[in-house]
Amino acid sequence: MSDLDLITIGRSSVDLYGAQVGGRLEDMGSFDKYIGGSPTNIACGTARLGLKSAVITGVGDEHMGRFITEQLAREGVITDGVKVDPERLTALVLLGIRDQEQFPLIFYRENCADMALTEADIDPDFIRRARSVVATGTHLSNPKVEAATLKALKIAREAGIQTALDIDYRPNLWGVAGHDEGESRFVESAEVTAKLQESLHLFDLIVGTEEEFHIAGGSTDTIEALRRVRKVSKATLVCKRGAAGAVAFTGAIPDSLDEGEAGPGFPIEVFNVLGAGDGFMSGLLKGWLDGENWPTALKYANACGAFAVSRHGCTPAYPSWEELQFFFDRGITRPDLRHDAELEQVHWATNRHGDWSQVRTFAFDHRLQLEEMDGYTLKKGAAFKELCLDAALQVQNGQPGYGILCDNRIGRSALHRASGTGLWIGRPTELPGSRPIAFEPDLGEDFGRLREWARENVVKLLVFVHPDDDAETRDTHIRRVRRLWTAARRNNLEFLLEIIPSKVGPVDDETSARLIQTFYDAGVYPDWWKLEPFKTDAAWQNAVDAIERNDPRTRGIVVLGLDAPEAELAASFELAAKQPLVKGFAVGRTIFGNAARNWLAGNITDGEAVTEMAEKFKRLCTIWEKAREGAGERAL
C-alpha cells in the first residue's frame, strides 16, 4: 500500500533572496532566507496542495541543514529520505530581482551535501511507498548522483510506480557555463543532450520549457526537439511557453505547439520568475496524480506558476489548495497578486505553520505589576521571569499545546531562551496602561525593530478600548492597531489583539462583538484574539460569530484571567470552553502573583517559586481540559 503520493529526488539549498527589488545583486544589503532547490520546492508545493510528499536529498550536519529539514517538516513534507552529511555543507543560492527581465543568481554548490547522494542512499522500501517518483535534470549531471537517481527510477518502474522528469536545465550546474551565469537557462551542448537522452525512456511524464526541450532534443527548433524526445520516450510531454501557457502531448508531435492540449492561462504581472517552474510542476503533479484530464492539470499548473511569478521567493509563494480554489472561484481582481489584500489574507492564513488547536498559556509579560512590588529591581525581575519560564517548561514537558507571554523589557533573557522549546510565544508591544494605545519604545518609531524579532514570536497588543469611545480616541486606536498589524504581517509575524472594554466602561453581551467588527471593518485580521471572560453564553456567541463572519480562517481565541482566583477562572473556563473557537487561556497573576511577592521579598527560594507556579499552572491546565471535555460531552 502506498502512503506517499510522490517522492522527489535531487537538489536542496538555502535560498538567500535579495530584499531590495530593482537593485544589482552586488548592492543587496539584506536577504530573506527560504528553502530552495527544484525537488525541494516541488515537494513543498505539492504538500501545500494536499498531496503526501517526500524528498530524497542531502543536507549538511549544521544550522542550514537543520533549517531545511525543519522547514520541510513544517510544510508537511516527509523527511525520511533526507541524508544528513557530516562532511559536506548545505548548498546555498544567492538570488535577486533586478527588473522584469533579469533575475541574477549565484549557486554555491561545490561539493555540497545533495551532490554526495549515492546508490546506497536509495532505500527500495522507501521508494515503493510512493505512487510516483519525480526527478530533476541537475542530478543527471554527475555520475554519482546520476546513479542514485537512476536506481530510484528503476525501482519505481519495476514496481509500476509512475515517474516524472522536470528537465530543470541549469547550464552552469552541468559545467557548460560559468559561476557568473547562474541566470542562464540555455547553452547548447551535445554532451548534455546525449546524457539526458540516455534516461528519457524511464519517464511517464517529461516537463520543460521550450529551451529545456531544446537541450533534451538537441535542436533549437521546438517541434523538432519534441519529436526527437518522442523517438526515445513514450512519456506525456508538457512544454511550458511562458505567458502563452503550456501544452501537453500524449502521442505524436503535431506541426504546431498550438495543437497540443492546453489549460486556461492567467494574465498577471511578472514580478519574479525564479521558482515559477517548480510552482507550475507542483500544480501539474496535483492534477496528474489526481487523475484529472490534461486541460485541468494544466489549469492547476498555470495558476500555481502565476502565484510564483507574482511573489517574492519560491516555496513561500506557492498556494495552498484552499487558496487555489478561492482564486478559481473569485478570479483575478488585480494582476499584481501580491498586492491583492483579500487573496494575500487567504494565502497567509492557509499556509501558517504549527498546530495550535490548543494553547494553554502562562502569561508573565506583566511589567507595571512586577515593577510595583516590594524588592523589585530590573535584575531581580529578569531573574524571576527565568523562573516563570522554568515553571512553564516543567508543565509543558515537551508536549504540544503550551505557551507563554513574555516581554522583552524585563524578560529578555527568558524570552530568548524560550525560542526553540516548542512553546507558543506571545510578546507584548503596548506601553502598559496606555490609553490611547502607545507602544514600547524598543519597537522603534516605525516599528522597524520587528525585523529583529524571532519568527516564532507572536506580536501581542492589548488595547483598552470601548465602542462608546469618543471619535478621536476610537480613530487613534484603529489607526495605531492597523499600523502595528501591517508591520507584523510585513515581517511574517503572527498578531494577537487583546481587547478589554470592561476597564473603560459598562459592557453587555454585544460590547466585544461590536469592537471585533470595528477592527475587521478597518482591515485588521488578527491571527489570534485574546478576550476577557464573558458572563453569558450570548456574549461568547456574539463574539465568535463576529470573528467567524469576517475571518473563518482565524487561529482562534484565548481567554484571559484578569487576576481572578482559581474558582472564578474555573467558572469562566466552563463557559468559554463551549466555543470550539476558544483554543485555551492566557493567565498570569493568578499563577505568579504570590510567588513573585514572596520571592522578591526573599521569603522563598528559586526552587520553591518554580514549584508553586508550576503547580498552579498545571492545575489551571487541568481545569481547562476538564471544561473542554465537559463541553464536548454536552455537545454529544
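I count a residue as buried under 20% relative accessible area, as exposed over 50%, and as partly exposed in between, with a 1.4 Å probe and protein chains only. By that rule Asn491 is buried, because its relative accessibility is 17%.

**Ground rules.** The model is predicted, and I kept to its limits: local features need pLDDT of at least 70, side-chain atom pairs count only at pLDDT 80 or more, and totals for chains, interfaces and linings use all residues. Residues are numbered from 1 along each chain as its sequence is written, and side-chain values use heavy atoms, with hydrogens and water left out.

**Asn491.** I placed Asn491 in the loop between helix H15 (471-490) and strand E18 (495-499). Helices (H or I, at least four residues) and strands (E, at least two) are DSSP runs, numbered from the N terminus. Leaving aside residues up to four places away in sequence, I found Asn491 touching Leu450, Arg451 and Arg455; contact means heavy atoms within 4.5 Å.

**Whole protein.** I noted 20 helices and 21 strands. Along the principal axes, the C-alpha atoms fill a box of roughly 85 × 55 × 50 Å. Of the 636 residues, 58% count as buried. Among contacts with a separation of 6 or more, 74% come from residues 24 or more positions apart.

**Helix H16.** I looked at H16 (residues 511-521) and found eight of its 11 residues buried. Among them are Leu515, Ile516, Phe519 and Tyr520. The cover over the buried residues includes H15, E18, strand E19 (528-531) and helix H17 (537-550). After H16 comes Gly523, with a positive phi near 85 degrees.

**Cysteines.** I searched for disulfides, taken as pairs of cysteine sulfur atoms within 2.5 Å, and the count came to zero. For Cys406, the nearest cysteine sulfur is that of Cys388, 8.1 Å away, and Cys406 is in no disulfide. Cys406 is buried, at a relative accessible area of 0%. For Cys239, the closest cysteine sulfur is in Cys304, and at 19 Å that is too far for a bond. Cys239 is likewise buried, with a relative accessible area of 0%.

**The loop between E9 and H5.** I checked two residues here. Ser189 sits in the loop between strand E9 (162-166) and helix H5 (190-197). With 10% relative accessibility, Ser189 counts as buried. Apart from residues up to four places away in sequence, Ser189 touches Tyr169, Val176 and Ile215. Asp168 lies in the loop between E9 and H5 too. Asp168 is not a glycine, yet has a positive phi of about 45 degrees. Asp168 is buried, with a relative accessible area of 7%.

**Other backbone entries.** Most residues other than glycine have a negative phi, and most peptide bonds are trans. I logged Asn111, not a glycine, with a positive phi of about 50 degrees. Asn111 is in the loop between strand E7 (105-108) and helix H3 (124-127), and counts as exposed at 56% relative accessibility. I also logged a cis peptide bond joining Arg435 and Pro436, with omega about 0 degrees. Pro436 is in the loop between strand E16 (424-428) and strand E17 (457-463).
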